[in-house]
Amino acid sequence: MDSLFHFNHSYQSLGEAFFKKVLPTPVGAPALLLFNHSLALELGINQELNQSVLAAILSGNQLAAGSTPIAQAYAGHQFGYFTMLGDGRAILLGEHISPDGKRWDIQLKGAGPTPYSRRGDGRATLRAMLREYLISEAMHGLGIPSSRSLAVVTTGEKVFREEIQAGAVLTRIMKSHIRVGTFEYARQFLKTEDLEKLTLYTLERHYPDVKVEQNAALTLLEQVLHQQARLIANWMRVGFIHGVMNTDNMSIAGETFDYGPCAFLNSYDPTKAFSSIDTNGRYAFGNQPNIAHWNLSCLANALLPIIHSDTDTAVKMATEVLNQFPSLYTQLYTATMAAKIGFDEKSISNEVIDLLKELMQWMQKEQADYTNTFLTIQGTLLPSGTYNGNSFESWMEKRNSLLSVAGINVDKAKLMMHQQNPLLIPRNHRVEEALDAVVANNDLRPFNQLLQAVQHPYDPAADYSAFQEPPVNGDGFYATYCGT
Ligand code: AMP
Ligand code: MG
């Protein structure tokens, strides 16, 4: 077997209005730096090719057998403002069909300019691609739907940003790259038939088991709404801040992707935003559910012409679906957070909800570490510092007595908590250290150690003490940057 992927190109059946054919631009000296063997195994990707062939294919220097590469068209609301976008530095090689018949987009990120590059160079820095590789694999390890990373190839070329940096290409894998912004593009720039075609295609690709009773567009909106509510509740569970929840970065299949300025919380603060350009905190930790709801309203707006021919009726129908979000999300979030302190769904009472609120307030006031607080509650970490104080101790007593009122066996509670509370997250200072070692010293060891750990965040047998400490000085002026 000499082809890397089993390609198919169903997206191209939508017609040329949805994409532009474009070839990756070859790079000077491709070298394979990272290859995700377990992902390759999982998806039936050929592992028999040698490193130099892999480097050539996954940098775009050699076209993968069966590939018909394209850049996808999309638009989006960026920080609230509508704009035309499209793949400016990502090229879709095709859809790989895994042995179980599933379909996976194979995309090269940083593969050179496309018709949608505007003033961009179509390239990506090694540092940003390593960061995306690490965090996307961490999210997958955390049990959260995410794009996956198959490989990082260094290009041997320089990329010009604020300073000169090394370039790289990431191979990104997703169920698809269809986004809210794809629908906004079709609504704004294409014919109603195209919007309809996209809707039916997306339903068939991502929600094949859902019966469309009457209205395909409303059915899709409802499905995406459910997926997104679940996804955001999961982000909140682990303290993940996406950082740039523009509608072009919201996947229709409910996967986390586009790991630009994302970061994990250390101390709990719902107003926390790490992204250097998010000066108003639009995408702050605690605002993510509101933004997801706002993004879904953009999807609804895009779908209006095919929800009903009468606009007022269409708006009414869409609003009814959109209005499900707050209560659905609250229910999912409450269940998630209750599980983090040992209560299953049927034992959630007003007292449990008050108990959670009290804990969140306490964490915020004490600037307590989000991850480690839950590990202390479940008994994995021994209480020290602020956890030995009266307020935390009395909270624990209240929680324990509520557990016994609910008739919950402590061991059972622990078991459930272990599945909700990761032993470690990719902490910002650890991530930066690992990236520094690769970029400055060509030393992959710290990166691989961290990667190996964050891929298995619930492993009870592992000793993660080296990765569990929050940074000594908190997050200080830690900031993340977009599009690098
Ligand atoms: P992002 O913030 O990564 O979601 O990207 C927003 C838009 O900018 C997308 O259309 C990207 O394709 C485009 N973009 C980001 N970086 C570059 C680059 N270096 N060259 C060309 N286009 C880019
Ligand atoms: Mg994007």
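I began with D258, which is buried at a relative accessible area of 17% (buried means under 20%, exposed over 50%, partly exposed in between, with a 1.4 Å probe and protein chains only). N249 also counts as buried, at 9% relative accessibility.

I noted the ground rules. This is a predicted model, where local features need pLDDT of at least 70, side-chain atom pairs count only at pLDDT 80 or more, and totals for chains, interfaces and linings use all residues. Residues are numbered from 1 along each chain as written, chains are lettered from A and ligands numbered from 1 in written order, and side-chain values use heavy atoms, without hydrogens and water.

Next I looked up the metal. N249 (OD1) and D258 (OD) coordinate the magnesium ion (ligand 2) at 1.8 to 2.2 Å. Donors are N, O and S atoms within 2.8 Å of the metal (3.2 Å for Na, K and Ca); water is not among the atoms, so sites may look incomplete.

Then I turned to ligand 1. I found 17 residues around ligand 1, with G86, G88, D121, G122 and D258 the closest (a heavy atom within 4 Å counts). The shell draws at least three residues from each of domain 1 (7-174) and domain 2 (180-332); the bounds come from an automatic or database domain assignment.

I checked polar contacts, meaning N or O pairs within 3.5 Å. The R89 side chain lies 3.2 Å from a nitrogen atom of ligand 1. The R118 side chain lies 3.1 Å from an oxygen atom of ligand 1. The protein buries 84% of the 480 Å² that ligand 1 exposes when taken alone (Shrake-Rupley method, 1.4 Å probe).

Terms used
Polar contact = N/O pair within 3.5 Å; in protein donor to acceptor, adjacent residues only side chain to side chain.
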